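Subject: Structure for your review

Dear colleague,

Please find below the sequence and structure that I am handing over to you.

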Amino acid sequence: MGKSIEQIKDDAFKSLETASDPESIKELSIRYLGRKGVVTQFLRNISALPPEERPGAGKKANELKKILEAAFEQALERLETEAAATGDRIDVSLPGRTASQGFLHPITQISGQISDIFTQMGFDIVEGPEVEQDFYNFESLNFPKDHPARDMQDTFFVSDNIVLRTHTSPIQVRVMEKRTPPVRVIAPGKVYRCDSDLTHTPMFHQVEGLLVDKNVSFGDLKGILTTFVHRMFDEDISLRFRPSFFPFTEPSAEVDILCVMCRGKGCRVCSHTGWLEVLGAGMVHPAVFENVGYDTDRYTGFAFGMGVERIAMLKYGIDDIRKFFENDFRFLRQF
Ligand code: FA5
């Protein structure tokens, strides 16, 4: 009949002492209690014993079966508890994991700084639609149909009367239709033009400004814009007002800032002029006031529209506007 039930028990417990992981305990359970296991075989072979020994041997074998079942189960539970306790232990000496933080795109940052400067000077922030009616983008701003001034802005047409706005100036009209003077607003937003080179992209950002009240003069416009430029850059940055033309302002001007790339000597960024144009401005044209029903005898006002990317280029010394839109992380994470 082979080993006695006592020998089988001794062997099983010795093996259990050396089993250090759940896998080996499961193997032992199969070796002793499985279908072909040692205890199972012992029980099957009881019929080979002399009849008087059979009841005692059967009883012992069944007892051993229960003892081993309980012992294997306990050993498994003990190992699992130990593993869980080790896994949960906190090693306070390990260095901490730094959570990587996102950041704002440089254009969003500059746009925010521009808005902050103007809100500190009492301007409200307003918005308007990017897909705009021809009426607001052009006609209400004194660009009649077929007027050559429309060629100044290479337009993306959605349909005959709907365009992607080419500037933020239509927001001037939308605001004046709803509010009565005094009006003091800025309107940041995306604009679109069929245009692309070192200093032009097909989508770019502008911040529009509009101030309407009694006795507003060109001197007020110069004062506000000079304050803005000095706060945005620094107190000794040079800027110049150059006469210009926009159908919706009269007189009109363009404001240039001394090129920070070459300090006025002339380079490819400033087209060798030493200056970089950052905004257009002027006194609101009476025709625009008439379109929105403002009394031109009582009110005057000024408006301006600046290119956010140009300001960012000057501020950070970037020589190619397209870098802002290439999404190269090595470039973007510097700001
Ligand atoms: C205008 O868009 C006028 N609406 C500005 C204005 C507002 C004048 C209110 C008077 C009163 P202009 O086309 O010059 O003007 O554009 C204004 C600024 O946008 C420019 O000075 C320049 O900084 C920027 N800009 C123009 N085209 C592009 C472009 N394709 N890519 C990047 N920036 C541009």
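This is a predicted model: local features need pLDDT of at least 70, side-chain atom pairs count only at pLDDT 80 or more; totals for chains, interfaces and linings use all residues.

Residues are numbered from 1 along each chain as its sequence is written, and side-chain values use heavy atoms, with hydrogens and water left out.

The ligand is surrounded by 27 residues, a residue being near it if one of its heavy atoms lies within 4 Å. The closest are H167, S169, R193, Q206 and E277. By class, this shell holds nine nonpolar, 12 polar and six charged residues; here Ala, Val, Leu, Ile, Met, Phe, Trp, Tyr, Cys and Pro count as nonpolar, Asp, Glu, Lys and Arg as charged, and the others, Gly among them, as polar.

At least two shell residues each come from strand 6 (203-213), strand 8 (249-258), strand 9 (275-284) and strand 10 (300-307). Strand 9 gives the most, with five residues. Helices (H or I, at least four residues) and strands (E, at least two) are DSSP runs, numbered from the N terminus.

- E277: a polar side-chain atom is 2.6 Å from a ligand oxygen.
- V278: a backbone N or O atom is 3.2 Å from a ligand oxygen.
- R310: a side-chain N or O atom is 3.5 Å from a ligand oxygen.

Taken alone, the ligand exposes 680 Å², of which the protein buries 96%; these areas come from the Shrake-Rupley method with a 1.4 Å probe.

The domain assignment, which is automatic or from a database, gives domain 1 (5-85) and domain 2 (106-332). Their centres, taken over C-alpha atoms, are 88 Å apart.

Most residues other than glycine have a negative phi, and most peptide bonds are trans. P181 and P182 are joined by a cis peptide bond with omega about 5°, and P182 sits in the loop between helix 7 (170-178) and strand 5 (183-192). Another cis peptide bond joins E250 and P251, with omega about -5°; P251 lies in strand 8. N142, which is not a glycine, has a positive phi of about 75°.

Yours sincerely

Technical notes: A polar contact is a pair of N or O atoms within 3.5 Å; within protein, one must be able to donate a hydrogen and the other to accept it, and residues adjacent in sequence count only if both atoms are side-chain atoms.
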